[in-house]
Amino acid sequence: MSRIGKSPIPMPSGVTYSADDGLFKVKGPKGELSVPFNKELSIKQDGDQLLVERPSDAQRHRALHGLTRSLVYNAVKGVSDGFTINLELRGVGYRAKLNGRTLELTIGYSHPVVIQPPEGVTFTVPEPTKIDVSGIDKQLVGQVAANVRKVRKPDAYHGKGVRFLGEKIALKAGKAGATGGKGKK
């Protein structure tokens, strides 16, 4: 039995759902999401929990079982709590600011980089060197955060750039002459 697939999904209060014809729709205080799933699987409510059930032990059904449960769980969690990914800027003069909904980054290029968020995603800038990407769709929030990071990835020698909060960057040593090492004689 799939360890992920067999675990129940807790349904918070104020969240309603429908699972018809291969489409799981969920509505909560933060918004509404729909997740397609294989029609061979079933989603049933047991008290205040949801269960994803598979028809057989075939490899295909076992693979879809855990996947479907994870997608349904992320949709339920998204409409009730939402998702946030924190980014930080490292580098002299690197900063971010919000211009309406648009994010404006000054990160070492000759021009500021402007990023427009897609529908359902919001940026907040609590400090000039911190960016929060928020929304109800986990996949979309993660993709937007990855796109912001891709604008200026942390470099391997100084670590300057955009990184996820708490991300560790393995720095390279650099040239031997720059670190005070002795060259060949």
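Predicted model: local features only at pLDDT ≥ 70, side-chain atom pairs only at ≥ 80, totals over all residues.
I started with the outward side of α3: the face turned away from its buried side carries Q139 and K150, both exposed.

Next I looked up where α3 runs. The helix covers residues 138–151, so to speak 14 residues in a row. I checked its reach too: 21 Å from the first C-alpha to the last, close to the 20 Å expected at 1.5 Å a residue.

Then I turned to the other side. Which residues of α3 are buried? I found V141, V144, A145, V148 and R149. They sit on the same side of α3 because they cover an arc of only 140° around the axis.

What covers these buried residues of α3? I noted several strands, including β7 (83–90), β9 (102–106) and β10 (113–115). Also on my list are β11 (121–127), β12 (130–135) and β13 (161–164).

New page, aromatic rings. I got a count of 1 aromatic pair. The pair is Y17 with F24, and the rings are stacked, 5.7 Å centre to centre with 25° between the planes. The angle settles the label, because planes under 30 degrees apart count as stacked.

F24 has 0% relative accessibility, so I wrote it down as buried.

The charged end of R152 sits over the ring of Y109, and I read 4.2 Å from the ring's centre.

Terms used:
Residues numbered from 1 in each chain as written. Heavy atoms only, no water. Helix = DSSP H or I, 4+ residues; strand = E, 2+ residues; numbered from the N terminus. Expected span 1.5 Å × (residues − 1). Buried < 20%, exposed > 50% of the residue type's maximum accessible area, 1.4 Å probe, protein only. Arc of directions from axis to C-beta. Contact = heavy atoms within 4.5 Å. Phe/Tyr/Trp six-rings, centres within 6.5 Å; stacked < 30°, edge-to-face > 60°. Lys NZ or Arg CZ within 6 Å of the ring centre and 35° of its normal.
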